[in-house]
Amino acid sequence: MSLKSEKVPSSAAFDDIAAALSNDADKKDAVKKGGAVFAFTIKNNVGDSESWHIDLKKTGAVGKGTAPEGGKADVTLLLSDNDFAKLVAGKENAQKLFISGKLKVKGDVMKATKMEPILKKAQQKQKASAKL
C-alpha cells in the first residue's frame with residue numbers, strides 16, 4: 001500500500017523510506033540509531049497539510065498520521081511540500097531549512113538530527129530506482 005498522497009507530491013518519499021527499511025537488518029539498525037518516533041507534517045502549495053510518521057523507537061515502520069496508533073511522536077517536523085522534496089533529494093539540508101525558518105521542529109530538537117541517516121537511505125533508494 002502506497003503512502004503517497006496526491007495532494008502532497010513529495011510524500012512519495014515515504015514509500016522510498018519504507019522500502020529502505022524493508023528488511024529486518026535495516027530496521028534494527030535504524031531503530032538503534034533513531035530511538036524516536038518522527039512525525040512529518042507537510043503543507044502543499046495550496047495550504048493543505050498531511051502527516052506521516054517513522055517509528056524508529058520500536059518497529060521501524062512508516063505510516064500515515066503523526067504517530068503509530070496509541071503512540072506519540074517524539075519529534076514533529078513541519079515544512080512545505082517543496083522543501084521536503086529538496087530535503088529528501090539531498091538538494092537541501094535540514095539545518096539550513098531550520099535556520100531559515102522553513103523547517104519547524106516541535107519536541108526533542110536533538111533527536112531530529114537522528115533523521116539524517118534514514119533520509120540518506122531514501123535518497124539512495126530514489127537514485128537506484130531512477131537508474132532503472
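The cut-offs are under 20% for buried, over 50% for exposed, and partly exposed in between, with a 1.4 Å probe and protein chains only.

Before I go on, this is a predicted model: local features need pLDDT of at least 70, side-chain atom pairs count only at pLDDT 80 or more, and totals for chains, interfaces and linings use all residues. Residues are numbered from 1 along each chain as its sequence is written, and side-chain values use heavy atoms, with hydrogens and water left out.

Back to Asp 48. It sits in the loop between strand 1 and strand 2. Helices (H or I, at least four residues) and strands (E, at least two) are DSSP runs, numbered from the N terminus. Beyond its neighbours within four places in sequence, Asp 48 contacts Lys 7, Ile 42 and Lys 43. Contact means heavy atoms within 4.5 Å. Asp 81 is 33 residues away in sequence, yet its C-alpha is 9.9 Å from that of Asp 48.

Next, strand 4, where we find Thr 76. Thr 76 counts as buried because its relative accessibility is 17%. Setting aside neighbours within four places, Thr 76 touches Ala 39, Thr 41, Lys 104, Val 105 and Lys 106.

Now take that last partner. Lys 106 belongs to strand 5, residues 104-107. At 54% relative accessibility, Lys 106 is exposed. Its contacts, again leaving out residues within four places, are Asp 74, Val 75, Thr 76 and Leu 78. Lys 106 and Leu 78 are 28 residues apart along the chain, with 8.1 Å between their C-alpha atoms.

Ala 73 is in the loop between strand 3 (62-64) and strand 4. It counts as buried, at 18% relative accessibility.

On to the core. How many residues are in the largest nonpolar core? It has 29, and those with the most contacts inside it are Phe 14, Ile 17, Phe 40, Ile 54 and Leu 77. Two or more residues each come from helix 1 (12-20), strand 1 (37-43), strand 2 (49-55), strand 4 (75-80), helix 3 (81-89) and helix 6 (116-131). A nonpolar core here is a set of buried Ala, Val, Leu, Ile, Met, Phe, Trp, Tyr and Cys residues joined through side-chain atoms within 4.5 Å. Look at Ile 17: not counting residues up to four places away, it touches Ile 54, Val 62, Ile 118, Leu 119 and Ala 122.

Last, the largest pocket. Its volume is about 400 Å³. Of its 19 lining residues, the closest to the centre are Ala 94, Gln 95, Ala 112, Thr 113 and Glu 116. A pocket is an open set of points on a 1 Å grid over the protein atoms alone, where a 1.4 Å probe fits, with protein on both sides within 12 Å along at least five of seven lines; lining residues have an atom within 4 Å of a point. Grid points are joined across faces, edges and corners, and the volume is the space filled by probe spheres set on them. Helix 6 gives the largest share of the lining, four residues.
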